[in-house]
Amino acid sequence: MKFSKPLLSGKLIKRYKRFLADIQLDDGRLITAHCPNSGRMTQCQGEGWPVLVTSHNNPKRKLQFTWEMVHNGKSWICINTQRANEIAHEALLNKQIPELAEYENIEKEKKYGKNSKIDFLLSSQNELCYVEVKSVTLTNSKGQFCFPDAPTERGRKHLDELVQMKEEGHRAVMLYIVNREDGKGFTIANFIDPDYGKKLNWAAQNGVEVLVYATKISKNEIVI
């Protein structure tokens, strides 16, 4: 996934009110950027850390800039959770996920379950495959990538709905996209949300497939 807009470099001053971040750009400008991440981001908001932002000339936007990535001294971390879906979409189109390469049709954000939208609905002949995507930006004390970084009632609801799709005779997949490179392995962050861990185990026991894919990250692109 190549960024469609040039990335501007700067330093993080602070993140606050969840969706706001004050940043000093390398050209000296002080800006407030939209932070497209509702998680705690405990490992992604160090004061003075290098960041990358995109600029948008949309008069309907409240903020011109979007915070995209941060560097912790070891790796770029993509904090924009929407990018995980873009990475997954590109990988699906290019048949880079072997477990999901058989499907001819890819639809995004289809309504399903109880007032929800599935990230991707894949289909081929008479088979449907529901794919939910989550962005991974946290590591634990062992250096393993882990999810979630905050308690997530919404994430547990998605697992319920994936199980429902499996019970209706369809294929259901939980796909985790790791958006940093400074770890190894993957686990659920039970120290943050043990209920999510229990729910994922239950979903897996009921036929939901769990896939985890790493990425390579640079200032210009992120590839699965």
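The entries follow in the order in which I looked things up.

**Ground rules.** I am working with a predicted model, where local features need pLDDT of at least 70, side-chain atom pairs count only at pLDDT 80 or more, and totals for chains, interfaces and linings use all residues. Residues are numbered from 1 along each chain as its sequence is written, and side-chain values use heavy atoms, with hydrogens and water left out. My helices (H or I, at least four residues) and strands (E, at least two) are DSSP runs, numbered from the N terminus. I count two strands as paired if DSSP finds at least two bridges between them.

I started with β1 (residues 7-16) and β2 (residues 20-25), which run antiparallel and are joined by six bridges. Across this pair, R15 faces A21 in β2. Three residues lie between the strands of this hairpin, and K17 has a positive phi near 50°. I then followed β2 to β3 (residues 30-34), an antiparallel pair with five bridges. Here Q24 is opposite L30 in β3. The hairpin of β2 and β3 has four residues between the strands, and G28 in the turn shows a positive phi of about 100°.

**Entry 2, the five-stranded sheet.** In what order do the five strands of the open sheet stand? I read β7-β8-β9-β12-β14, with mixed pairing. β7 and β14 (209-213) are at the edges with a single partner strand each, so one side of each has no neighbour in the sheet. On average, neighbouring strands of this sheet are turned by 30° against each other, direction ignored. (Axes are lines fitted to C-alpha atoms, for helices over the stretch in contact, and angles run from 0 to 180 degrees between N-to-C directions.)

β7 pairs with β8 in the antiparallel sense over seven bridges, and E107 stands opposite L121 in β8. E109 also lies in strand β7. Its phi is positive, near 50°, in a residue other than glycine.

α1 lies across β7, β8, β9 and β12 (171-178) and runs at about 5° to β8. α2 lies across β7, β8, β9 and β12, running at about 165° to β9. Contact here means heavy atoms within 4.5 Å.

The axes of α2 (residues 153-167) and α3 (residues 194-205) come within 10 Å and cross at roughly 10°. That makes α2 roughly parallel to α3, a label for angles under 35 degrees. On the α2 side the contact is made by G155, R156, L159, D160 and V163, and on the α3 side by D195, Y196, K199, L200, W202 and A203. I sorted the residues of this contact into six nonpolar, one polar and four charged. (Ala, Val, Leu, Ile, Met, Phe, Trp, Tyr, Cys and Pro count as nonpolar, Asp, Glu, Lys and Arg as charged, and the others, Gly among them, as polar.)

I found an open sheet of three strands in the order β10-β11-β13, with mixed pairing. Its edge strands, β10 (138-139) and β13 (186-188), each pair on one side only. β10 and β11 run antiparallel and are joined by two bridges; L138 stands opposite C146 in β11. Next I noted a cis peptide bond between F147 and P148, with omega about 0°. P148 sits in the loop between β11 and α2.

How much space lies in the largest pocket? I noted about 970 Å³. (A pocket is an open set of points on a 1 Å grid over the protein atoms alone, where a 1.4 Å probe fits, with protein on both sides within 12 Å along at least five of seven lines; lining residues have an atom within 4 Å of a point. A volume is the space filled by probe spheres set on the points.) There are 39 lining residues, and the closest to the centre are T81, N85, V133, K134 and R154. The elements giving two or more residues to the lining are α1 (82-93), β7 (105-112), β8 (116-124), β9 (127-136), β11 (145-147) and α2. The lining divides into 13 nonpolar, 14 polar and twelve charged residues.

Key:
Parallel < 35°, antiparallel > 145°, perpendicular 65-115°, else oblique.
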